[in-house]
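Dear colleague,

Please find below the structure that I am handing over to you, together with its sequence.

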Amino acid sequence: MSGILGMKTVKESLFPDFEGIIKSLGAWGGDFVLVVSKENPTGYFKEKGYEIIVPYKKMIL
C-alpha cells in the first residue's frame, strides 16, 4: 500500500535501523505496529520512547 499511497512504510520513516520486520496495523500508518525479530525488541523501542509494548503471549487469548 505504501507504494500506491506514495508514503514511506513505518519502518522506513521511524525505524530504519531496526533489525527485523515491522508491519503497520490500521489505516494510514496505524496506531499500532506488529514487530517480528530474532531478539527481544523491547529495549530498542523503549530507547526510542515507546513505553507501551504488548508481547504476543499477552495479546493472544
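The notes below go from the overall build of the chain to its core, its aromatic pairs, its salt bridge and its surface.

Please bear in mind that this is a predicted model. Every value given here was computed from it.

Overall build

The chain has 61 residues, of which 13% count as buried. It contains 4 helices and 2 strands, and from the N terminus on these elements follow the order α-α-β-β-α-α. The C-alpha trace spans about 35 × 30 × 20 Å along its principal axes. Among the contacts with a separation of 6 or more, 20% are between residues 24 or more positions apart.

Nonpolar core and aromatic residues

The largest nonpolar core consists of 6 residues: Val10, Phe15, Phe18, Ile22, Tyr44 and Phe45. Leaving aside residues up to four places away in sequence, Phe45 touches Phe15, Phe18, Ile22, Val35, Tyr50 and Ile53. Phe45 has a relative accessible area of 7%, which is under the 20% limit, and is therefore buried. Phe15, at 3% relative accessibility, also counts as buried.

One aromatic cluster is formed by Phe15, Phe18, Tyr44, Phe45 and Tyr50. Over the whole structure, the search finds 6 aromatic pairs. In one of them, Phe15 with Phe45, the ring centres are 5.1 Å apart and the planes stand at 70°, so the pair is edge-to-face; the angle required for that class is over 60 degrees. Phe15 lies in the loop between helix H2 (10-14) and S1, whereas Phe45 belongs to helix H3 (residues 42-47), so this pair ties together parts of the chain that are 30 residues apart in sequence.

Salt bridge

The count of salt bridges comes to 1. In this salt bridge the side chains of Asp17 and Lys48 meet, with an N to O distance of 3.9 Å; the limit applied is 4 Å. The pair links distant parts of the chain, 31 residues apart: Asp17 sits in the loop between H2 and S1, and Lys48 in the loop between H3 and helix H4 (56-59). How accessible are these two residues? Asp17 is partly exposed, with a relative accessible area of 48%, and Lys48, at 38% relative accessibility, also counts as partly exposed.

Nonpolar surface patch

The largest share, 3 residues, comes from S2. Leu34 is located in that strand, S2. The relative accessible area of Leu34 is 42%, so this residue is partly exposed; membership of a patch requires over 30%.

With kind regards

Key. Residues are numbered from 1 along each chain as its sequence is written. This is a predicted model: local features need pLDDT of at least 70, side-chain atom pairs count only at pLDDT 80 or more; totals for chains, interfaces and linings use all residues. Side-chain values use heavy atoms; hydrogens and water are left out. Buried means under 20% relative accessible area, exposed over 50%, partly exposed in between (1.4 Å probe, protein chains only). A nonpolar core is a set of buried Ala, Val, Leu, Ile, Met, Phe, Trp, Tyr and Cys residues joined through side-chain atoms within 4.5 Å. Contact means heavy atoms within 4.5 Å. Rings of Phe, Tyr and Trp (its six-membered ring) pair if their centres lie within 6.5 Å; planes under 30 degrees apart count as stacked, over 60 as edge-to-face and the rest as tilted.
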